[in-house]
Every structure is written in structure tokens, then in C-alpha cells.
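Open the model in your viewer and keep the sequence panel beside it. The stops below say what to select and what is there.

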Amino acid sequence: MSSVERFDCHYCKDSLLGKKYIMKEDTQYCTKCYENLFANCCEVCSLPIGCNFRDLSYKDHHWHEQCFKCAKCSRSLVEKAFAAKEDLLLCTECYAHDYSSKCNTCKKTVMPGSRKMEYKGNSWHETCFLCHRCQQPIGTKSFIPKDSGYFCVPCFEKQFAYQCCACKKAITTGGVTYQDKPWHRECFLCIGCRKQLSGYRFTSRENYPYCLDCFSNLYAKKCVGCTKPISSLAGAKYISFEERQWHSECFTCMQCSVSLVGRGFLTQRDDILCTDCGREK
């Protein structure tokens with residue numbers, strides 16, 4: 001006689017021939033053993049979720065299909081959007097009513113999952129957060145608050161920012177004021193050599209700014225001794241005599257080179273001499 005191969009429950013050893021069973025990791029169990037060993041307990045009713053029920057899960061919590069409901073209005077959440085708050089599941093309507101913020105512009109609820117903007121405790125629908133000037137949605141672009149409104153950067157620059165009188169572009173950070181006109185620091189240049197003047201001493205001539213070197217080369221008197229400019233702007237000391245000027249260090253006897261600063265001297269045509277050399281002549 002041929003023997004019939006046994007097909008038993010792995011746990012209770014009862015025969016599974018002709019009965020419903022469940023496979024788990026290549027091992028068979030009768031439905032009773034499977035539920036006792038592996039079934040999850042429902043978060044609401046605390047009963048096992050048996051083989052004949054649909055197991056719905058969210059963040060390691062499980063529910064019977066009929067128990068998966070809004071904790072406030074008891075409407076089914078099966079295949080519907082929901083939100084979690086303090087371990088409670090709520091339909092989007094209940095969550096929005098109790099917890100969602102109101103749009104600062106249209107005053108309607110900002111529904112969970114919808115795109116929104118938040119700034120200093122206020123919320124907006126993305127389509128309601130508009131530039132105060134052009135009335136276009138700001139979205140994820142940079143913006144600048146001003147008084148009670150919000151401005152996209154181009155509109156803020158057009159309406160509020162100073163315009164550099166050199167390049168005509170907006171001055172958004174820092175700047176220089178010269179003759180009551182605004183300049184970018186990098187645009188405020190010497191009219192002669194085009195060197196940046198911000199942070200340096202400068203002067204002006206006919207309303208044009210000059211660095212001290214350019215001004216001295218163009219307009220300062222020349223030293224009779226070394227022929228270089230004498231710039232009082234740079235703090236240089238000089239001697240003036242009969243419409244002629246000398247650097248203090250250049251005001252020396254033409255013959256013996258002794259300094260004549262604070263001393264008596266004589267002139268011989270265009271030369272200046274110390275009294276000793278002058279007597280010799």
C-alpha cells in the first residue's frame with residue numbers, strides 16, 4: 001500500500017489536507033495558528049486582524065478596514081487623504097478645521113498637503129503670496145518686506161532702491177553719496193586714473209572727483225627745486241616766495257645745499273642762496 005504524504009500545520013501539527021492554510025517564509029500554518037502567531041492587533045478595537053480581514057497600516061500601526069476612520073467625525077479614511085496629529089488620524093477637513101492655518105490674503109484655510117508660503121508666523125496659499133507692486137506670485141523667489149507689503153527684488157529696486165548715477169543700476173547694499181548723488185562703491189572712481197575712491201581721500205574740481213595724485217599732477221603748483229607737484233591736500237609742507245613754491249625739503253641753498261627753512265636767504269636772479277654763499281658772490 002502506498003502511504004499518503006502528510007501536510008500538517010507547522011505549529012499545531014494538524015493536517016492541512018483540504019483546509020485553508022497560509023504560507024510564511026516557506027512554512028505552512030493553519031489560519032488559527034497564523035493569526036495567533038503573526039496577526040497584528042487593530043489600533044482601535046485591539047482585536048487581531050485575521051486572515052479574512054484587510055490589514056491597513058501607517059507608521060507601524062495597524063487597523064481593520066472598518067476601523068480605519070477619522071478620530072473626530074468617524075468617516076472612513078480608506079483610500080482617502082488623511083493627516084496625523086498626536087497619534088490620531090483625521091480626515092483633511094477635520095484637520096484643516098482644527099489645526100490648519102488661514103491664508104493671510106484670502107483668509108481661507110490652507111489645506112494639508114497644499115503648497116503654501118510661511119513667513120514670521122503668517123501663512124499664504126502659494127497663489128496668494130503676491131508681490132505688492134506687480135501682483136505676480138513670488139513663489140520660491142527672493143522677496144523683501146517693506147511696510148505692510150512684500151516685494152519681489154526687481155520691483156523693490158524699481159520702487160525703493162537708489163539708482164547709481166554712474167551705471168544707473170539699483171544700489172541694494174552700501175553705496176557712496178557725493179554731491180547729494182548716490183553711487184555704487186565700485187562705480188565711484190577718480191575721473192583721471194579711474195581708481196576706486198571709496199575709502200580713500202579725494203578732492204574735486206569742477207564737480208569731478210579726483211584722487212590726490214591725479215589732482216596734484218593736473219592742478220597743483222610745481223616745486224622749483226624738483227619740479228614735482230606740491231600737494232597741500234596730501235599734507236605736504238612747502239615754502240612760497242615771489243609766486244614760486246618749494247617742497248620744504250627742496251628749499252635749499254643752490255650752492256652748498258644747506259636747508260633754508262627758517263633761515264635768512266638771498267636771491268640771485270632765479271637762484272636762492274644762504275647768506276654765507278650770497279656774501280661770497
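Select Arg-54 and show its side chain. Arg-54 is partly exposed, because its relative accessibility is 40%. Keep in mind while looking that this is a predicted model.

The side chains of Arg-54 and Glu-79 form a salt bridge, with N and O 3.9 Å apart. Arg-54 sits in the loop between helix H1 (31–38) and strand S3 (55–58), and Glu-79 in the loop between S4 and strand S5 (82–85), so the bridge ties together parts that are 25 residues apart in sequence. Glu-79 counts as exposed, because its relative accessible area is 72%.

Arg-54, Glu-65 and Glu-79 belong to one network, joined by salt bridges that share partners.

Next, select His-62, which is in strand S4 (residues 61–64). Is His-62 buried or exposed? His-62 counts as buried, because its relative accessibility of 19% falls under the 20% cut-off. Show Asp-55 too: the side chains of His-62 and Asp-55 are joined by a polar contact of 3.0 Å. To see the surroundings, display the residues that His-62 touches beyond four places in sequence: Asn-40, Cys-41, Cys-42, Glu-43, Ile-49, Asp-55, Leu-56 and Ser-57.

Over residues 40–100 the chain is 11% helix and 26% strand.

Colour the chain by domain for the next stop. The division gives domain 1 (19–96), domain 2 (98–158) and domain 3 (163–218). Between the centres of domain 2 and domain 3, taken over C-alpha atoms, the distance is 39 Å.

Go to Glu-126 and Arg-115. Their side chains meet in a salt bridge of 3.0 Å, N to O. Glu-126 is in the loop between strand S8 (122–125) and strand S9 (143–146), while Arg-115 is in the loop between helix H2 (92–98) and strand S7 (116–119), so this pair links parts that are eleven residues apart in sequence. Glu-126 counts as partly exposed, because its relative accessibility is 24%. Arg-115 has 57% and therefore counts as exposed.

Then select Lys-116 and Glu-118. Here too the side chains meet in a salt bridge, at 3.0 Å from N to O. Lys-116 is partly exposed at 40% relative accessibility, whereas Glu-118 is exposed at 53%.

For the last stop, select Phe-7, in the segment before strand S1 (21–24). Phe-7 is partly exposed, because its relative accessible area is 26%. Which residues does Phe-7 touch, not counting those up to four places away in sequence? The contacts are Asp-14, Ser-15, Leu-16, Leu-17, Tyr-21 and Gln-28. Finish by drawing a distance from Phe-7 to Leu-260. The two are 253 residues apart in sequence, and their C-alpha atoms are 128 Å apart in space.

Key:
Residues numbered from 1 in each chain as written. Predicted model: local features only at pLDDT ≥ 70, side-chain atom pairs only at ≥ 80, totals over all residues. Heavy atoms only, no water. Helix = DSSP H or I, 4+ residues; strand = E, 2+ residues; numbered from the N terminus. Buried < 20%, exposed > 50% of the residue type's maximum accessible area, 1.4 Å probe, protein only. Contact = heavy atoms within 4.5 Å. Polar contact = N/O pair within 3.5 Å; in protein donor to acceptor, adjacent residues only side chain to side chain. Salt bridge = Lys/Arg side-chain N within 4 Å of Asp/Glu carboxyl O. Domains from an automatic or database assignment.
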